[in-house]
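Hi everyone, thanks for coming. Let's have a look at this one together, and please stop me whenever you like.

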Amino acid sequence: MMKIEKISIIGGYGRDGKAEEIKRVDFYMGDIISIVGPTGSGKTALINDIELYADGNTPSKRKVLINDQPVPEEFSLNPSQHPIALISQHTNFLSDLPVGEFLEIHARIRRSENAASIVGETLDFANQLTGEAIDPRSSMTELSGGQTRSLLIADAVIIGNAPIILLDEIENAGIHKRKVLELLKKYKKIFIFVTHDPAIALSSKLRIIMGKGAMQKLVETGEDEQLAASKLQAIDGVMLDFRKLMRLGKEIGNEEVEDRIKQLVNPGKPPEIK
Ligand SMILES: Nc1ncnc2c1ncn2[C@@H]1O[C@H](COP(=O)(O)OP(=O)(O)OP(=O)(O)O)[C@@H](O)[C@H]1O
Ligand SMILES: [Mg+2]
């Protein structure tokens, strides 16, 4: 199969029929990209165009190129060759298989050898993202939102081994953002996040700002924003820690929160992020 080095979007038209400001955008292997913009601005439509290999045949009239060429037929015809995994907002499983069995079947379909160790690796990966460890014996339909999303990300990265992964709003699922970004940076793939979260957007190389169904603006993350991103991730870590305590039924004191905020502003020792 053809090796993917680059994927490009050729701009089309916004909802009002006007040509998009952004005429072309290129993503390279290893890039983390964000798509941001108000509700209804066309973020989901943009990632759907990517997943569908739009070729002037969607409402936006955008085109998707792989390595500067129209997407080859081998990718469209054979679903197992599909290089794009979409982790969507709505994840209702049809399968009530136990998690372990589900992963094993997928692993055997994708790469016949050492299925067992790949399943273990996938579960490890998922468990680093979610606060609540996944029991491989529990059924897929029993998983929480955060566990489900974590498992799907792990499955796409490790078992599916997809070179291009699209993630629609993972922030509401209670996933550890700093860990997701850290883990994903180790893989040479293209990750495209639809997000409302500045901690994720500023950790990307590039963000596309959507408006009225069109790509309005591209912003590359400069050095100052990269520093800002690490602060925002630290704030996120604090929120996650308190969320955990709150969920466990603990009372959270004003002073405790104040201390953590002070620590963020003036970190004598690094705050403990579990
Ligand atoms: N370029 C376009 N041309 C025509 N219709 C479009 C275009 N872009 C988006 N739309 C339509 O506009 C509506 C809103 O777009 P979309 O669902 O992608 O917004 P969103 O940014 O994902 O919103 P949310 O933040 O609520 O998820 C959809 O019905 C979509 O099909
Ligand atoms: Mg959407």
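The protein chain has 9 helices and 10 strands, where helices (H or I, at least four residues) and strands (E, at least two) are DSSP runs numbered from the N terminus. Keep in mind that this is a predicted model, where local features need pLDDT of at least 70, side-chain atom pairs count only at pLDDT 80 or more, and totals for chains, interfaces and linings use all residues. Residues are numbered from 1 along each chain as its sequence is written, with chains lettered from A and ligands numbered from 1 in the order in which they are written.

Now the overall dimensions. The C-alpha trace spans about 55 × 45 × 30 Å along its principal axes.

On to the domains, whose bounds come from an automatic or database domain assignment. Domain 1 is 1-83 + 163-221, domain 2 is 92-154 and domain 3 is 223-274. The centres of domain 1 and domain 3, taken over C-alpha atoms, are 30 Å apart. Their contact takes 8 residues from domain 1 and 9 residues from domain 3; a contact here puts C-beta atoms, placed from the backbone, within 7 Å. On the domain 1 side, the elements giving two or more residues are α6 and α7 (198-201).

And α6 has another partner. The axes of α4 (residues 115-129) and α6 (residues 177-184) come within 8 Å and cross at roughly 140°; axes are lines fitted to C-alpha atoms, for helices over the stretch in contact, with angles from 0 to 180 degrees between N-to-C directions. Which residues make the contact? From α4 they are F125, Q128 and L129, and from α6 they are K179, V180 and L183.

Terms used: Contact = placed C-beta atoms within 7 Å.
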